[in-house]
Amino acid sequence: MGRKDSVWSLGEGQPPEDLDKPIDTPPLSTLLIEKPQSGTVALGGDITFVAKVEAKDLLRKPTIKWFKGKWMDLASKTGKHLQLKETFDRFTKIHTFEMHIIKAKENYAGNYRCEVTYKDKFDSCSFDLEVKGLPKCSKIILAFIYSEGQEDAGELDFSGLLKHREPKQQDDTPEVDVWEILKNARPDEYEKIAFMYGITDLRGLLRRMKKIPKEEKKSEAFAKKLEPAYQVDKGGKIRLVVDLADPTVDLKWYKNGQEIRPTPKYIFEHKGTQRIMVINNCTMNDDAAYSVAAGDEKCTTELFVKELPVKIVKGIEPVKTTVNERIELECEVSEEGAQVKWMKNGVEVPTGVRSRYRVKCEGTKHFLVIDDASREDSGTYSIMATGGTSEAHVQVDLKPLKIYQDLQNMTVMLGQPIKMHCEIYPGNVPGRWYRNGQLIQPNDHINIIHRNKVHRLEIETSSLHDAGDYTFVPEGYSQSLSAKIHIIDALFSADPPRVHLDSLNFPDNTVIIVAGNKLRLEIPISGEPAPRVVWMKGERVRLCGNIPDPPDAPLVPVVGGDWCSMTWEAPKYDGGSPILGKHCLLPHDTKKKQSSRWMRLNFDLIKETSFEPKKMIEGVPYEVRVFAVNAIGVSKPSDPSKAFIPLAVTSEPTMLVVDDVTDTTVTVKWRPPETIGAAGLDGYLVEYCIEGTDDWVVSNKELTEKTKYTITGLTPGSKILVRVKAINAAGASAPRTLQHSILVKEVVEPPKIRVPRHLKQTYTRRVGEAVNLVVPFLGKPRPKVTWLKEGKPIEPSHVSIRNTDCDSIIFIRKAERSHSGKYEMTVQVENHVDTAIIDIQIVDLPEPPQCVTIEDVWGGNVALVWTPPKDNGNAPITGYTIQKADKKTMEWYTCIEHYHRTCITITELVVGNEYFFRIFSENMCGLSETATQTKKSALIVKEGMQVKTPEYSDHDFKEAPKFTQPLINTFAIAGYNTTLNCSVRANPRPKVIWMKNKITILDDPRYRMFSNQGVCTLEIRKPSPYDGGLYTCKAINDLGEAQVDCKLEVKGQCEPGSEFSVPSFADVPI
C-alpha cells in the first residue's frame, strides 16, 4: 500500500498544509515571456520543456528552479535521464532555460513546476507530463532515489520502495499533516519524525520552516508590556510602566526573581489601567532584571544604571614633613563610595596587608596614610577618579640633628681599653666612624655599637696606632662629632723634663762630622710643663731663651669654595730667639667653634705671614689659629679667627638663546647652571650692553628665579649683547654671554593656519550639541584674525569667537540648523594673508516621506511608491523603513529596513487580509519621528474571485446604566459575614456607589466593595443588629444613572431551644 502524498520526499516549495490545494497561476507574468507547456510522451521517448525570460531590465542572470510535484528540486537529479540547459541571446537579450527528459519511464508522469526569481521579483508556472502506457489503477507515490556511483544515477526508480511490501490492502488511516507535527515538535525529535514518515529532504524542510514568520501571541493580561531595556543615571529616578488589559488582575513586581515590596525606594502607582513602579535614587545594586506578573502572564525587562563620572571636589595638598612622622593625604570626591586609585610617581600605590600605605574612606573623603614616613616616601602623589585627577608633592626631610652628648678627648695609657660614645637625636640615624680621615670598619680589635640614640666605639687593647683624631658622621647630615685620642707610653709618662739622646743612635752620644759641613741636631725632650732648653758647649752657654709670644688672631680676607686666604702679624716677643716659622691649625669640629679640638694644616714651618688652607668642606663653619716657633719651642696658640664658611659660586648658566624679538623688547631663555654649591641659587641677573661698548646695564633690579626674561625699553634698530649671571650667597657666577649681537627689530613671520586634520573634512554635529573648535596658527607680530560665514560677518550673539596669539576658538553652546555653513577664517600680518575654510554641518532627524501610494496589487504582492521627504535633516537620506499593518489589528510590523530606493514590492502577503503601509525616513541621526501612511488599504484577494466588502455603519454601544439583576432582601446572623450582590450593564463603565439608609458608605473598614465584569458586591464583615437597614446600589455614567434597593435585617445568634421567627419589615423605614 503506498503512502500519502503529504509524507514523501520534501524539498523547497510550498508548505505542507497547502499540499492538497490547487496551485494558483498568476494571470500576469512579470518575468516569464514563454512558459513551459504541458506535454505527452510515449514510454521510452524524449521530451523538452522550454522557459524564456527577457533580460532588458535585468542587471544579472535570473535564478530558475525546476520542481517535480510540489517539493522535489530537480537540480540534484540531473544525469542519464534528466538534463538542464540554459542559453542567452545577446541580440534579443533573452535567457532560454530547457529541461530535457530522456527515455521517459512510467513513473516520470506527474505535475512539474518552474520558478524564476530576480531580486524582489518572482514568477512561476506549472505544467503536466503524461507518459503513455501508465496504468490508471497504479497510484504510487513518486519519488526520486539518488543512486550515487551507479550507472543509472538520476533515474526515477521505485523498485526499492516496492521490495518486501505486504500485499496491497485498503488503507483507511487518515492523512497525517507532517508540517504541523514538525512545527509543534522539539528540535531533537526532527530526525525521528522524518524517519517515521519517510521524509528524505529534512534540511530543505527546516530551511522552509525558518522562513515562516512567527506569529506573536497577543497578550491577554497586558495591553502594553515593559520595554526590553531601560537606562538611568546613577542617583536618578526611573519609572517602569505597564498597561493592563484587565485592571482587576493581581499584579506583582520582581527583581532578579525576588518579589519587591513597597518601600520609600520602590513606590507603586495606579493610573487607570496603568501600573507604575518608581525606583528612586538608583544605585549599581539596582542594575538587574525586573519582571512583572499579571495572573499567569509575565513580562520582563532589564535596567542598566549608568555610573556618572566621579569628580574631584577638593584636591590633595602638598606636604612637607620629616622622617618618622605621619603623613595623611586627603581628597574629597563628588560621590560617596566611589572607586579611586592612588598613584606615586605614576605607579599605583600598593595597599595590601604588608604595605606601608593605608587607604581609608569616610563618606566622600578619601585618605592615604603613611604612619612612619621615610625619605623614600618623597615624590609626587596623585589620586585618579573617573572624572578627574589631583596631584601634590610630598617632601620628607631629615629631622634636625640634636647632640645630647658630644665625643670627649681622651688620653689613654698604652694597652688600656678605649671607649668613645656620643648621644644624638633622632636615634634611628646610623653613622660612620673615621680616624684621621680613614673609614673605620668593625673587626676583632674594634667594636662599633648603635643602640637607639647612643653610638659607641670600643677598643679592648689600645696601641700607638689607635691615637689620632676620631670623627663620627651621622648618615644624611653634614654635621659631625670629633674627638682626639692620645696614647701615652708608660716609659715616657714622667713629668720631669727629660732629654732623649737615645734617639740619635750615635755611639757614646758622640757625633763625628767633617769640618765645613752643616750640622743639625734634633733631640727630643719631654716633660710637663714644657721645659726650658739651654744649649752649652763645655761650660759656656751657646743658646738660651724662651718660647715666643703667640701671634694675634689671624684674619681671613678671602673665602672660596674649599679654600680661604689667612694672614697674621708676627708676635711682639720672639722669646729671645729668632722666629723659625709658624704652624697653622683649624678646628676639626665644624659645629663647636670654641672647641679645643684642632687639626694641623702645615707640617713644614711657614716663614711668611700668610697661608691658604685647601680641601675645606663647603658649607661648614671654620676657625683658624697660628703658633709661633723659635729654637726654644712653640708658642701658645693665637686667638681663633672669626668664624667663616667656605662657599662657592655656581657655574655659569647654560644654553642661553634668544626666544623672541620685537621692536622694543628682547626675550631670552636659558638653563640652570650645571653645578650649584652649598650656597644654593638665589636667582639670576640679566645684563645687556649696546654693541661696541662695555657699559653693561642691569635689566632686572630684583633677581628673577625664572629661566626666561624679557628686556624692555630698548631702542628700535639697535644691536645689543646679553649676558646672564647666577647669583647666590657666595656672589655672582661667571656670566654666560650670547655669541652674537641681537638686532632689536621684530621679524615678520608670514601667517600660516594649521587646520587640524578632523576639520579638513565636513565637521558634523547634531542639533543641541556643543561646537568647540580650536584652530591654531602662526605669524609675527600678532596676526589679525577675522571670521566670515558665507561671506558675511558672524553675529557674536549666535557664535562666540576668542582669539589668542597662537589660536582662534569658535564656540557654539547649543548648535542649531542655522549654524550650518562654510566658515572662512582669515589671518593677516601686514600684507601677508592666509585663509582657511571650515565646513560645519548641523544635522537633525529627517521628516517622513511626503506621499506614499499603492501603485499596484497582484497576487500576494503590493507595489509601493513614495517621494523623498521635503526636509532631510541637513543630511543625506541613508534609507527607509517600511512597515505593514493588518486592518483588523493595526499592529505594525517591519517589512524591510535601510531600503535605499523610493519604490518597493512587498511580497508574501496573506490572502484575504487588508493592509496599510507606512514608511519612515532615515539619515545619520536616525529614523524620522513620524511616518507617512498610505491613505488607502491594499486588499489581498484570491485570484479569480472578487469580494465585495459590504459597508456597515459602526454600532453605538453606549448606553445608560441598567441593572440586569437587582438586590434581594436578605437576613443575616450577627457575627457572620454577609454579601449583597447585583449586576449592572452600562457603556462607558459606570461609577458604582453603595448607600445605607440613603447615606453613602465611605472608607468604612466594616464594608468591602467589589466590581468585576459588571457584578457589584458589597461585603459586610461580622454584622451586628445595628447594620440592618435599607441598602442602595447606584450606578452613574455620562448617559444617566440607575439604582436598586434591598432590606437587610441582622438577627442575634439562636440559643439552644429557642424558636426562630421570621422578622417583619413593617417597621423598616422606606
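Predicted model: local features only at pLDDT ≥ 70, side-chain atom pairs only at ≥ 80, totals over all residues.

Colleague: OK, where is K1034?

Modeller: K1034 is in strand β81, residues 1029-1037. Strands (E, at least two residues) are DSSP runs, numbered from the N terminus.

Colleague: And is K1034 buried or exposed?

Modeller: K1034 is buried, yet has no salt bridge. Buried means under 20% relative accessible area, exposed over 50%, partly exposed in between (1.4 Å probe, protein chains only). A salt bridge is a side-chain nitrogen of Lys or Arg within 4 Å of a carboxyl oxygen of Asp or Glu.

Colleague: Which side chain of opposite charge is nearest to K1034?

Modeller: That's E1041, 4.2 Å away. Lys and Arg count as positive and Asp and Glu as negative, while His and the chain ends are not counted.

Colleague: What else is K1034 in contact with?

Modeller: Leaving aside neighbours within four places in sequence, the contacts of K1034 (heavy atoms within 4.5 Å) include F963, V992, I993 and M995.

Colleague: Switching topic: which residues does a cis peptide bond join, with omega about 5 degrees?

Modeller: Y425 and P426. P426 is in the loop between β30 and β31. Another cis peptide bond joins K780 and P781, with omega about -10 degrees.

Colleague: What about phi at N256?

Modeller: N256 has a positive phi of about 55 degrees, although N256 is not a glycine. N256 counts as exposed because its relative accessibility is 51%.

Colleague: Now the rings. How many aromatic pairs are there?

Modeller: The count comes to eleven aromatic pairs. Rings of Phe, Tyr and Trp (its six-membered ring) pair if their centres lie within 6.5 Å; planes under 30 degrees apart count as stacked, over 60 as edge-to-face and the rest as tilted. Y1007 and Y1031 have ring centres 6.5 Å apart and planes at 55 degrees, so that pair is tilted.

Colleague: Why does Y1031 count as buried?

Modeller: Because the relative accessible area of Y1031 is 0%.

Colleague: Last one: what sits over the ring of W696?

Modeller: The charged end of R723, 4.1 Å from the ring centre. The rule is NZ of Lys or CZ of Arg within 6 Å of the ring centre and within 35 degrees of the ring normal.

Notes:
Residues numbered from 1 in each chain as written. Heavy atoms only, no water. Helix = DSSP H or I, 4+ residues; strand = E, 2+ residues; numbered from the N terminus.
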